[in-house]
Amino acid sequence: MTATAEAPSPEIGQARLRKEDAKLVTGQTNWTDNIKLNGMLQMAFLRSPYAHAKISRVDVSGALDQPGVIAAYCGADFAAEQGSLPCAWPVTPDIIIPPHPPMAVDEVRYVGQAVAVVIARDRYAAADAIASIDVDYEPLPPVLDMRAALAADSPKVHDAGNKSYEWVFANGDVDAAFRDAPVVLERNYRQQRLIPCAMEPRSVVAQWISDEVTVWSATQIPHVLRFALSAFFGIPEQNVRVIAPDVGGGFGSKLQVTAEEVLAVLASRKVGKPVKWTESRTEGNLTVHHGRDQWQQIKIAADRDGRIRGLSVDLLADMGAYLMLVTPGVPLLGAFMFPAIYKMDAYSFKCTGVFTTKMPTDAYRGAGRPEATFAIERIMDELATELGMEPMELRERNWIKHEEFPYTTICGLTYDSGNYEAATAKAKELFDYDGLRREQAERNARGDTVRLGIGISTFTEMCGLAPSRVLGSLSYGAGGWEHASIRMLPTGKVEVVTGSSAHGQGHETAWSQIVADQLGVPFEDIRVLHGDTQVSPKGMDTYGSRSLAVGGLALVQACDKVIVKAKVIAAAMLEASADDLEFSAGRFSVRGDPEAARSIQEIALATFAAHALPDGVEPSLDSDATYDPDNFSFPHGTHLCATEVDTETGFVKIRTYVAVDDVGVVVNPMIVEGQVHGGVAQGIAQALYEEGVYDDDGNLVTTTLADYLVPAAPDLPSLLTERTTTPASNRLGVKGVGEAGTIASTPAVVNSIVDALRPLGVRDVTMPCTPERVWRAIQSAHGANGEVSQSGGTA
Amino acid sequence: MTQIKVTVDGVKYADEVEPRLLLVHYLREVLGKTGTPVGCDTSNCGACTVLMDGVSVKSCSVLAVQADGCDVTTIEGLANGELHPVQRAFHEEHALQCGYCTPGMIMAATDLLRDNPHPTDEEIRDGLEGNLCRCTGYENIVRAVRRAAQAGVAP
């Protein structure tokens with residue numbers, strides 16, 4: 001493509017290198033743990049060693065005798081002021097939301113719950129003094145299995161019982177679909193508990209000056225945290241400033257109002273000095289909210305030709321011991337995604353939220369949609385086997401055709417755009433689908449000890465959270481809008497203030513590209529500000545792949561307003577009617593006389609001087625906009641995974657992984673590719689490596705990165721990524737991308753493993769598909785109902 | 001308390017430290033060299049990797065007293081007026097997102113290339129096994145190390 005002088009190539013679509021990197025590659029970062037304030041003290045927590053116990057006595061006096069210790073407090077010391085950590089998503093009117101004191105007062109309900117705190121001169125002294133606190137516990141029986149927890153004779157996590165809520169949804173005649181369909185399958189899948197493991201541990205600093213508090217926190221949600229500290233802990237909102245400095249990853253784990261944040265604020269007020277707390281990795285694995293943890297029962301009804309008649313889903317979702325910010329809502333985000341890209345006559349969904357004596361669960365990359373996508377994509381493969389159909393053919397027979405968009409699904413969602421045929425065709429070609437199928441058949445025919453499997457995931461997801469009205473109809477406690485401000489500086493440079501709060505996503509770069517195109521100013525002249533409620537007072541922050549699809553559109557609207565204001569001033573400068581001006585590439589020119597023009601920078605300076613503005617025109621181009629979308633964003637794609645499964649050792653090697661994603665118009669292809677890489681890696685990690693494990697007493701045993709297997713470079717394959725582009729219905733045509741890879745990849749990998757082993761009689765492997773689990777699955781299927789590997793291998 | 005003399009990023013320091021003080025806490029809390037972060041405490045993640053006498057070490061697993069007499073290079077001392085080729089390659093290949101693992105990853109990659117100036121992709125992955133990244137899936141980190149190797153990082 002050749003760009004002409006008059007029309008510079010747009011910034012959108014260019015793989016601009018990131019503005020964020022300069023400080024990150026040189027160590028000039030400002031992580032929360034880097035912050036040092038005069039007189040700052042360090043906090044350390046004593047945490048419960050029991051999954052469930054009454055606290056009969058806490059004595060902190062021993063800690064107070066230790067050198068360097070300023071104060072030590074137990075839960076009772078905060079009882080009057082600590083309130084309850086908020087749950088913003090009461091999904092049903094009769095939901096049980098137990099009180100959740102930031103520091104336990106009379107009962108602990110998971111290992112790691114904070115019981116006492118020491119405030120000392122440095123972190124070594126604080127950690128030492130923790131050992132001098134005495135606590136008497138009366139152990140109570142732990143509640144660890146969701147299914148057992150619902151039995152009438154189960155010990156109770158809370159007096160009100162172990163069932164938090166039951167949420168149901170149905171559309172169409174589900175009974176008829178299952179009664180009349182010739183084929184009905186039921187499968188049960190386990191979504192294991194995951195630990196998010198952002199690389200930056202959580203950290204918080206709180207400083208009071210008079211009645212004003214500043215909180216620095218490694219959070220994804222400075223604005224929500226500010227609101228929560230005010231609404232739930234009694235600090236007037238105008239006196240709370242929250243700063244999210246450089247934040248080292250979140251993946252949902254920093255979408256939380258944490259006990260430690262609240263206690264830092266309260267403890268700092270008590271001691272009259274700034275305090276800091278930074279978690280150890282073990283504290284993080286214990287007490288950063290966990291993800292997933294569901295039992296999924298899924299039933300599908302179909303005709304013999306493969307047409308889906310109905311789908312029915314019954315979930316048990318482990319809430320853990322308490323409901324945190326959006327704990328109960330996470331399965332609901334999946335509720336609408338089980339039907340995925342497929343047409344059907346009827347659908348029913350039920351989710352039961354269950355309390356256990358474990359760390360609460362909450363949003364983790366994908367939040368509900370990875371679980372749903374896993375179940376539907378797994379059972380589609382099972383249905384294909386049952387019908388003797390090629391699994392891609394079964395999908396194609398049922399998916400929404402590209403000419404049918406916009407399409408309203410059985411869940412009532414209107415998918416605005418998509419082209420599943422195009423993404424699939426591209427993925428199959430990149431993957432050499434037919435060639436790999438031939439190789440698979442050859443290996444099966446000769447009884448190869450290393451089998452080849454092909455896993456398919458034709459996924460979509462709902463993100464870009466979200467239309468405020470829809471969130472309201474789901475009983476969510478907040479809106480889904482996003483805010484942006486544009487400040488035109490006198491020298492023609494631009495400050496962009498965004499309410500989304502990046503922690504690795506590259507907003508400073510991508511937002512600069514969007515604004516550069518809208519205002520016609522150079523990319524380099526734009527500075528993006530975020531993450532400080534005093535700089536960016538309005539926002540809904542970053543999660544749910546919402547920043548671009550919501551916050552990006554807010555930028556466009558704010559730019560519109562700048563242009564409207566500038567046009568009036570340009571008209572005066574050019575002595576022309578505003579109606580005769582056109583705006584292009586940063587210049588207002590008189591129609592038919594392109595020489596008569598003023599640049600936006602000239603107008604910015606003239607506005608600053610304000611010497612010759614028309615009557616009644618205020619001397620400012622600065623503009624704000626708050627954008628509330630009218631629909632979710634529906635990225636989709638086709639991911640294909642080829643695994644080689646060693647039937648003798650159970651070892652799984654991903655040989656080829658192809659990801660073709662359709663995320664609409666792409667602002668920065670380099671950043672988008674990076675999001676897909678990281679997302680796919682996290683989904684592969686669920687399929688093969690990661691599981692948060694509690695023992696029979698309720699102790700978390702995966703407390704370090706030696707026990708909880710976040711994959712390293714040799715554990716992951718090289719990825720082949722490509723895109724198709726079906727513009728979304730918003731003005732930029734963009735969709736979310738942050739979670740798509742994670743949502744897509746887990747079922748692709750597990751489908752591939754099961755596909756490899758199906759000739760041996762294997763029908764499922766429970767995640768994570770470790771060599772031992774794969775080997776055991778082969779053993780238990782061995783000779784039962786499948787072909788026996790000819791070269792033995794499994795003796 | 002024990003006296004140690006350490007050179008860090010070209011500056012000579014002499015300090016009295018507790019024998020149990022970790023090198024990473026000495027760098028961060030005593031010297032204010034916060035470019036080197038802590039990710040895990042158990043030497044699994046590698047975020048705290050620095051060069052000690054030219055060889056990569058995880059500074060959460062080294063006591064400050066063990067660094068007595070040593071020359072330590074952190075991410076803050078790697079660039080020499082302009083970005084080190086490994087730093088530049090990480091930027092150009094988009095080998096970082098949140099950037100928290102990046103200092104350790106760059107230091108480990110620098111040591112890897114000193115040891116093996118022309119690694120294969122597999123050797124790059126194996127060589128960085130001790131450094132965890134949660135954002136990138138390592139794809140672009142491998143590309144960056146490959147690019148730095150092509151640019152010729154070897155001393």
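I looked up α11 (residues 369-387) and α20 (residues 740-757) of chain A, whose axes come within 8 Å and cross at roughly 30 degrees; axes are lines fitted to C-alpha atoms, over the stretch in contact for helices, with angles from 0 to 180 degrees between N-to-C directions. Helices are DSSP runs (H or I, at least four residues) numbered from the N terminus. I noted that α11(A) and α20(A) are therefore roughly parallel to each other, a label for angles under 35 degrees.

The model is predicted: local features need pLDDT of at least 70 and side-chain atom pairs count only at pLDDT 80 or more, while totals for chains, interfaces and linings use all residues. Residues are numbered from 1 along each chain as its sequence is written, and chains are lettered from A and ligands numbered from 1 in the order in which they are written.

Next I turned to chain B, where α3(B) and α5(B) pack at an angle of about 45 degrees with their axes 11 Å apart. These two helices are therefore oblique to each other, the class left once angles under 35, over 145 and from 65 to 115 degrees are set aside. I listed Met105(B), Ala109(B), Leu112(B) and Leu113(B) of α3(B) as meeting Ile141(B), Val145(B), Ala148(B) and Ala149(B) of α5(B), contact being C-beta atoms, placed from the backbone, within 7 Å.

Last, I looked up the interface, in which 45 residues of chain B are in contact with 37 residues of chain A. The elements giving two or more residues to the chain B side are α2 (85-92), α3 (102-115), α4 (121-127) and α5 (139-151).

Technical notes:
Contact = placed C-beta atoms within 7 Å.
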